[in-house]
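Subject: Structure handover

Hello,

Here is the structure I said I would pass on. Please open it first, then read the notes below with it in view.

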Amino acid sequence: MKWTKFKIKTLTEAEDIIISTLYDIGLEGAQIEDKVPLTAWEKEQMFVDIPPVTGEDDGIAYLSFFVEENEDGSLVMNGGTTDRKTVLEQVEGELEDLRMFMDIGEGTVSVDETEDIDWINNWKEFFHQFYIDDLLVIPSWEEVKEEDRDKKILHIDPGTAFGTGMHDTTQLCIRQIKKFLTPETTLLDVGSGSGILAILALMYGAAKAVGTDLDPCAVEAVRQNMEANGIREEDFTMMIGNIITEKEIQDKVGYLCYDIVVANILANVLVELTPVVTAHLKPGGIYITSGIIQEKEETVVEAVRAAGMEVVEITRQGEWVSVTARKV
């Protein structure tokens, strides 16, 4: 599939109004490139493995809109066909109208044809093998070097589900899991994504793991990663559903049967999850949370204590926090 890209050079303060204006004529899904520092809320909402690297904010923004291109060069938009010249004229006309009441900066438009884009896989060029302490994490498309063959190795392919292990929050969870794991451990991973935390727990000797996630894509990602790491099907059960609100999922997961529950999710979700988790933990069980920006640390700590658990340890990496608690 080919795409025609309309790229606009403008000002950061004009981003929203331009995106909204061009949405009305049929251009959707803008790609934004700017150097505006991320707010704490944005960092929490992004929660990505490979964070963007930006320089000093210069007030300039580039907005790119992609329109599907047919084999004959015509474009697909608004349920019909059009051409580059028509779309370009529409965009330039809308930008000129905006200039009448606000500063949009240069407001120039460039048009390029992209090559076929594999939206699922083109990010792989940014993800390479790396270490988490003594653990080598390596994607499926790279080979283990000869000097690393005797090390503990996690083969991971996140697919379309979150989870490579690069993010600070994931690494915080991994270290806490290793700290409390025993050969008898049964672990529940809420929001398991690619299954990295549960798979790693099994690799380090846990007896059994169960994962839950809202995204159906997690099932295939987990299956592939289990196979890549030699995890038996009977040792890891994956479920799709919302453990916070769905009684059926709560029942399938089971009650009072987990030595460790780990949840690498956003803080606001942890607040809702925490009182639910107590029903699934054994007495004395460990609750490991992460995905918490520094500003939300106390919010999660309060939720943990309100659920009748005691805080065992708070660990930090970068701008992120992990709260580990024990069910009393």
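Strand β16, residues 320-327, has seven of its eight residues buried, so the rest of the structure largely encloses the strand. Please keep in mind that this is a predicted model. "Buried" here means a relative accessible area under 20%.

Which strands pair with β16? One is β14 (residues 281-293), which pairs with β16 in the antiparallel sense over six bridges. To find this pairing on screen, look for Ile286, whose bridge partner in β16 is Arg326.

Another is β15 (residues 309-317), which runs antiparallel to β16 and is joined to it by eight bridges. Here Val311 is the residue to look for, as it stands opposite Ala325 in β16. Strands β15 and β16 form a hairpin with two residues between the strands, and in this hairpin Gly318 takes a positive phi near 60 degrees.

**Salt bridges**

Side chains of opposite charge can pair when their charged atoms come close. How many salt bridges does the structure hold? The count is 17. Some of them are described below.

One of the salt bridges is between the side chains of Lys9 and Glu106, at 3.4 Å from N to O. Lys9 is in strand β1 (residues 2-11), while Glu106 is in the loop between α3 (84-99) and β6 (108-114), so this pair ties together parts that lie 97 residues apart in sequence. Are these two side chains buried, partly exposed or exposed? Lys9 counts as partly exposed, because its relative accessibility is 24%. Glu106 also counts as partly exposed, at 44% relative accessibility.

Glu146 and Arg149 form another salt bridge through their side chains, at 3.2 Å from N to O. With a relative accessible area of 61%, Glu146 is exposed. Arg149 is exposed too, with a relative accessible area of 52%.

The side chains of Arg232 and Glu234 also meet in a salt bridge, at 3.5 Å from N to O. Arg232 has 48% relative accessibility and so counts as partly exposed, whereas Glu234 is exposed, with a relative accessible area of 52%. The cut-off for exposed is over 50%.

Salt bridges can also share partners: in this way Glu220, Arg223 and Glu227 are joined into one network.

Regards

Terms used:
Residues numbered from 1 in each chain as written. Predicted model: local features only at pLDDT ≥ 70, side-chain atom pairs only at ≥ 80, totals over all residues. Heavy atoms only, no water. Buried < 20%, exposed > 50% of the residue type's maximum accessible area, 1.4 Å probe, protein only. Helix = DSSP H or I, 4+ residues; strand = E, 2+ residues; numbered from the N terminus. Pairing = 2+ DSSP bridges. Salt bridge = Lys/Arg side-chain N within 4 Å of Asp/Glu carboxyl O.
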